[in-house]
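Here are some questions and answers for someone meeting this model for the first time. Please look at the structure before reading on.

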Amino acid sequence: MNFVGDMMKMRLAAICLLAAVLLLSACGKKDIKNGVDWPIQDFTATTQANKPLGLKDLKGKVWISDFVFTSCADVCPPMTSNMAKLQKMVKDEGLKNVEFVSFSVDPTVDSPDVLTKYAKSFGADFNNWNFLTGYSQDFIEKFATKNFKTLVKKPQEGNQVIHQTFIYLVDQDGHIRKNYSGFKDVPFEEIISDIKTLQ
């Protein structure tokens, strides 16, 4: 009888251990409502301050990202204005270790100097907001599609780059966790709430 009792106890202990492991693994990623989990591949870019920036530089920080270009005639100015508003809200909430990253989708035109002038016109705070360039057009088009599941395409005619208008929330491990409208009806409070969840 002792042997059977010991076997039952060992089985029960094994089940409890398995349940604990499963519970802990489920807690590894913070739960974001309607979220995704898209890992971002490493990249090398140049900031508006003409300094290198890559994925490793953002490790351990929550970041908000979008795709814009400085000669955009329609959606980019309101998108950048919305990002500036969000940056101020993050600061007002006292949230730390939150970065803002805007990828230029027109890197041959958007030099660091051009990006600096553009960003300043929206009151961007460069302490935690970088505007990126320094890669090829081919790179940013493939990078956006593969990692952010978004369209970027510069037509052969004209100077207007085709791109979508999402804002992305990226976690401390460089995984995209959610996307939001960045042009109209931006859910600012929801984004702030989701940042807090990740932190």
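Q: How do the residues of the lining of the largest pocket divide into nonpolar, polar and charged?
A: This is a predicted model, in which local features need pLDDT of at least 70, side-chain atom pairs count only at pLDDT 80 or more, and totals for chains, interfaces and linings use all residues. Residues are numbered from 1 along each chain as its sequence is written, and side-chain values use heavy atoms, with hydrogens and water left out. Gly is counted as polar here, while Asp, Glu, Lys and Arg are the charged types and Pro is among the nonpolar ones. The lining divides into four nonpolar, six polar and six charged residues.

Q: Which element supplies the largest share of the lining of the largest pocket?
A: Helix H2 (76–92) and strand S5 (98–104) each supply at least two residues of this lining; helices are DSSP runs of H or I with at least four residues, strands runs of E with at least two. The largest share, five residues, comes from H2.

Q: What share of the residues of the chain count as buried?
A: The chain has 199 residues. The share that count as buried is 43%.

Terms used: Buried means under 20% relative accessible area, exposed over 50%, partly exposed in between (1.4 Å probe, protein chains only).
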